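Good morning, and thank you for the time. I would ask you to look at the sequence and the structure together while I speak.

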Amino acid sequence: MAHIPRMETVTALASIRKLLASYYPCFSRSLSTSRPFLSESDHSHDKHEEEEMVTEEELKSSILDSALNFVPSHGWSVKAIAKGAQQHGYPGVTHGLFPRGGGDLMHHFVRQCNNDISKHLEGLSKDTDKSRNSSELSPSILRDAFQMRLRMLVPYMDHWPQAMALTALPTNIQEHFTNLYKLIDDICYHSGDRSVDFSWYTRRLALLGVYKSCELHIVQDGSHDYQETWDFLDRRLDDFTTAGKVKEDIDRFTNPEFFSAVYTVGRNILGVNDQRR
């Protein structure tokens, strides 16, 4: 385990005491009076602790980062989170900071993967020179982005069906689709989509279906290096491209103002107006 500076440890432990007290009121008195996590020599740091208190989100993130190391052996579970907390020197009961248990760990992993994909694609898109009004997507960037994102599941493949089941729980489903939408939206944008008509919505919906079907395929894929999944992905993207061309032909004979109005209303309803777009 990496060495953590003393002051960082002190401030983090002070944070965990307060957070545990907020989640478990019955512990409030003992945590505030006996201070079981610090030795007598640490009491002199009280004032400095308050000034350098780590935030709840920083504390949770560090615990979940460590908990990912235990997913291969314990799955997307409270036990994996408890092991991650213990790796930082926190008590196992710290898992109480995560009311959704394995769901919180799963969402943390998905957000990390999506951010990594977005940063990777942002670097690629800087090398392209596409018009803001272009509606063409780069097939190669689409395929590479989907494959890269799916490969991120490989270290946790044995337990990914469990994660997929967690996404269907009422407490997880909204954040699941929010994360999924962000992934597809970033892939579309960095693949060159600058559409300002109804295709903005339909493309994302279609690609969402492509990704989810590939996710279902890869967890059942026993081929070498998941080659059957990559072939499946190629076929689905070919279908997506063909369907898109047919739609473009049909759109030539429709009223563009109608599509623009539906597009605007749809985005407002979904709450997906992004200043970057």
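Let me begin with a definition: a residue is called buried if its relative accessible area is under 20%, exposed if over 50%, and partly exposed in between, using a 1.4 Å probe and protein chains only. Please note that this is a predicted model, in which local features need pLDDT of at least 70, side-chain atom pairs count only at pLDDT 80 or more, and totals for chains, interfaces and linings use all residues. Residues are numbered from 1 along each chain as its sequence is written, and side-chain values use heavy atoms, with hydrogens and water left out.

First, the chain as a whole. It has 13 helices and 0 strands; these are DSSP runs numbered from the N terminus, a helix being H or I over at least four residues and a strand being E over at least two. Of the 277 residues in the chain, 42% are buried. The chain exposes about 15000 Å², of which carbon and sulfur atoms supply 56%; the areas come from the Shrake-Rupley method with a 1.4 Å probe, and for residues only the protein chains shown count as cover. Taking contacts as heavy atoms within 4.5 Å, 74% of those between residues at least 6 apart in sequence join residues at least 24 apart.

I turn now to the aromatic residues. Rings of Phe, Tyr and Trp (for Trp, the six-membered ring) pair if their centres lie within 6.5 Å; planes under 30 degrees apart are stacked, over 60 edge-to-face, and the rest tilted. The count by this rule is 7 aromatic pairs.

Why is the pair of W76 and W160 edge-to-face? The ring centres of W76 and W160 are 5.6 Å apart and the planes stand at 75°, so the pair falls in that class. W76 lies in the loop between helix 5 (71–74) and helix 6 (78–87), while W160 belongs to helix 9 (residues 160–167), 84 residues away. W76 is buried at 2% relative accessible area, and W160 is buried at 4%.

W160 also pairs with F109: their centres are 5.7 Å apart and their planes at 70°, so this pair too is edge-to-face. F109 is in helix 7 (residues 102–125), 51 residues from W160, and is buried at 4% relative accessibility. Together with Y156, the residues W76, F109 and W160 form one aromatic cluster.

Finally, charges over rings. Here NZ of Lys or CZ of Arg must be within 6 Å of the ring centre and within 35 degrees of the ring normal. The charged end of R194 sits over the ring of Y189, 4.1 Å from its centre. R236 lies over the face of F232, 4.7 Å from the ring centre.
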